[in-house]
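Trainee: Please take one close look at the aromatic side chains. Tell me how they sit in their surroundings.

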Amino acid sequence: MENSYFTTKNDFENEKSKLYKAISMPGKSKMPTSKIVKNIISILIIIFLVATLLSIVITKVSGDVPNIFGVYLFQVETESMEPTLDVGKVIVAVKPSSEDSVNVGDIITFKTTSGKVVTHRIVDKIDGEFLTKGDNPINSVDTERVTFKRIIAVMKFKL
């Protein structure tokens with residue numbers, strides 16, 4: 001009887017088959033591609049939300065007004081803008097690109113010289129400064145003029 005020290009093609013195919021079976025781990029199904037994609041998207045959303053939250057906290061701690069990609073969200077806290085904006089409403093606003101993009105009639109959110117954040121309508125522009133007033137009929141024109149530098153954002157719409 002002659003011993004063969006060479007692997008035949010049949011032996012090679014058998015070993016290859018055993019290897020593929022071992023790799024595929026019978027009894028465990030592979031995760032479908034759509035589930036992998038969903039998991040990746042979920043992880044990216046979580047990372048985005050954590051980064052956004054971290055950015056907001058850091059901005060708040062530093063004394064600035066938080067924004068997300070240049071979009072500001074403000075909640076109306078007083079009756080000064082009623083009936084246009086009721087207390088509790090949220091407004092969406094963006095930073096104006098230039099002084100020329102801010103017009104009489106726009107609703108702006110700005111910082112007063114004392115650092116208070118206020119949302120009022122521009123009623124006039126005098127010597128490059130804006131006069132503002134809340135829409136509530138009992139309000140009068142604000143005594144403090146607003147410079148472009150103190151404008152945080154211009155309202156685009158309310159939620």
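Mentor: Start with burial: a residue is buried under 20% relative accessible area, exposed over 50%, and partly exposed in between, using a 1.4 Å probe and protein chains only. The model is predicted, so local features need pLDDT of at least 70 and side-chain atom pairs pLDDT 80 or more, while totals for chains, interfaces and linings use all residues. Numbering runs from 1 along each chain as its sequence is written, and side-chain values use heavy atoms, without hydrogens or water.

Now the rings. A pair of aromatic rings is described by the distance of the centres and the angle of the planes. Rings of Phe, Tyr and Trp (its six-membered ring) pair if their centres lie within 6.5 Å; planes under 30 degrees apart are stacked, over 60 edge-to-face, and the rest tilted. That rule gives two aromatic pairs. Phe48 and Phe69 have ring centres 5.8 Å apart and planes at 5°, so they are stacked. This pair links distant parts of the chain, 21 residues apart: Phe48 sits in helix α2, Phe69 in the loop between α2 and β1. Helices (H or I, at least four residues) and strands (E, at least two) are DSSP runs, numbered from the N terminus. Phe48 is partly exposed, at 39% relative accessibility. Phe69 is exposed, at 71%.

The other pair is Tyr72 with Phe74: centres 5.9 Å apart, planes at 5°, so stacked as well. Both residues are buried.

Tyr72 and Phe74 also belong to the largest nonpolar core, which has 11 residues. Such a core is a set of buried Ala, Val, Leu, Ile, Met, Phe, Trp, Tyr and Cys residues joined through side-chain atoms within 4.5 Å. Strands β1, β2 (90-94) and β6 (151-158) each supply at least two of its residues. A second, separate core has nine residues, including Phe110 and Phe130.

A pocket is an open set of points on a 1 Å grid over the protein atoms alone, where a 1.4 Å probe fits, with protein on both sides within 12 Å along at least five of seven lines; lining residues have an atom within 4 Å of a point. The largest pocket has 25 lining residues, and Phe74 is among those nearest its centre, with Gln75, Glu77, Val117 and Thr119. Elements giving two or more lining residues are α2 (33-61), β1 (71-75) and β4 (117-126). β1 gives the largest share, five residues.
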